[in-house]
Amino acid sequence: MIAALIRKEIKENVFSKKSLWIYFAVTILFSGLALSFVSVKELNLLAQVEVNMTFMKVVLGISILVTIIIGSNMYAGERERETLESLLLSPLSRVQITFGKLVGLLLFWFIISLLSLPYFYALAMGTDIFMKAVVFLYFICFPLVIGFSALSLGFSAILSSTKSSTLLAFVLFLVTAIPMFLSTTMKKSGFAHIVDTISPLSRSMLTLKDYFVNRLGFMVLMVDLLPVLIFLIISIAILLFANNKITLKGGE
C-alpha cells in the first residue's frame, strides 16, 4: 500500500504538468547563470571555486524554495480537492501516509538537483571541484533539504489552505536566509548575529566555504552543521506533531 501511495505522489507532484514546467524553468535559470559565468567579463574573472560556490548557493536556494512550494501543497491540496478523507480512511497509518509524501517530496528535490549536475561539471572542468560539489550537495546539505521538506509538509498538514502553508514556510525560509544578504560587519552583533548563528541556511553556507575554500576536516564541518542537524530534529518533531493533528478542515 505504501508503495502505491509513493507512486501516487510521484505522479501528482514529481511528474505532474506543473512539476515539468518547474523543471523547465529551473533548467532555463541554471543555463542563464552558467552562461553568464563564461560570457560576462566581470564574472569570467572569478576563480572556479568562487564560481562553483556561487552556483551551489543558487542551486540550494532555488531547489529548497520550489520544494517548499510543492510540500506546502501536499496535505492542504488534498484537503482543498476533498480527497484527504479517502486517504485517511485507507489502510495506511498517518505516519505511513506522511512518510510516503515526504519520499515523493525528496524525489522532487532530487530531480532538480540532478538537473544542476551538468552545469557543475562544465563549471568545474579540469579540477576536482565537481566531485566535491556532488558530495556537498547530496551528503552535507541533505539534512537541510529534509528539514525544510518536513517543515513545509507539517505546515500543510495543520493549516487549512495551500496559500497559508506556503506563506508560512516561505516566510521561515526568508528569515533563515537573511544573513546571506547582510555584510560581515552587520552579522557580528545584535539580532543579525543571533540569526546568523542559528540559521541552518547560513550555517550551510559557512560549511560550503570551509569545505571548498578552507578545506577543513570532517569534525570542523560537523561543528559548522550542528545548527542544521538541530533544525532537522526540530522539523521532524513538528512534522510528527502535525501528523497527529491532521483534520479534514485544518487550522487557520
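Modeller: Helix 13 contributes the most to the lining of the second largest pocket, namely six residues. The model is a predicted one, and the space in this pocket comes to about 270 Å³. Its lining comprises 15 residues, and those closest to the centre of the pocket are Leu 172, Thr 176, Ile 198, Pro 200 and Phe 231. Sorted by class, the lining holds twelve nonpolar and three polar residues, with no charged residues.

For the setting, one may turn to the packing of helices elsewhere in the chain. Two packed helices are described by the angle between their axes and the distance between the axes. Helix 2 (residues 17-39) and helix 4 have axes that come within 11 Å and cross at roughly 165°. Because of that angle, helix 2 is roughly antiparallel to helix 4. The crossing of helix 2 past helix 4 is right-handed. Among the residues that meet are Ile 22, Val 26 and Phe 30 in helix 2, and Val 51, Phe 55 and Val 58 in helix 4. This contact is made up of 13 nonpolar residues, three polar and one charged.

Helix 4 (residues 48-80) also packs with helix 6 (residues 94-123), at an angle of about 155° and with the axes 10 Å apart. Helix 4 is therefore roughly antiparallel to helix 6. Here too, the crossing is right-handed. The contact of helix 4 with helix 6 contains 17 nonpolar, eight polar and three charged residues.

Note on methods: Residues are numbered from 1 along each chain as its sequence is written. This is a predicted model: local features need pLDDT of at least 70, side-chain atom pairs count only at pLDDT 80 or more; totals for chains, interfaces and linings use all residues. Side-chain values use heavy atoms; hydrogens and water are left out. Axes are lines fitted to C-alpha atoms, for helices over the stretch in contact, and angles run from 0 to 180 degrees between N-to-C directions. Helices (H or I, at least four residues) and strands (E, at least two) are DSSP runs, numbered from the N terminus. Angles under 35 degrees count as roughly parallel, over 145 as roughly antiparallel, 65 to 115 as roughly perpendicular and the rest as oblique. A crossing is left-handed if the near helix is turned anticlockwise from the far one by less than a right angle, and right-handed if clockwise. Ala, Val, Leu, Ile, Met, Phe, Trp, Tyr, Cys and Pro count as nonpolar, Asp, Glu, Lys and Arg as charged, and the others, Gly among them, as polar. On a 1 Å grid over the protein atoms alone, a cavity is a set of points where a 1.4 Å probe fits but cannot get out, and a pocket is an open set with protein on both sides within 12 Å along at least five of seven lines; lining residues have an atom within 4 Å of a point. Grid points are joined across faces, edges and corners, and a volume is the space filled by probe spheres set on the points. Contact means heavy atoms within 4.5 Å.
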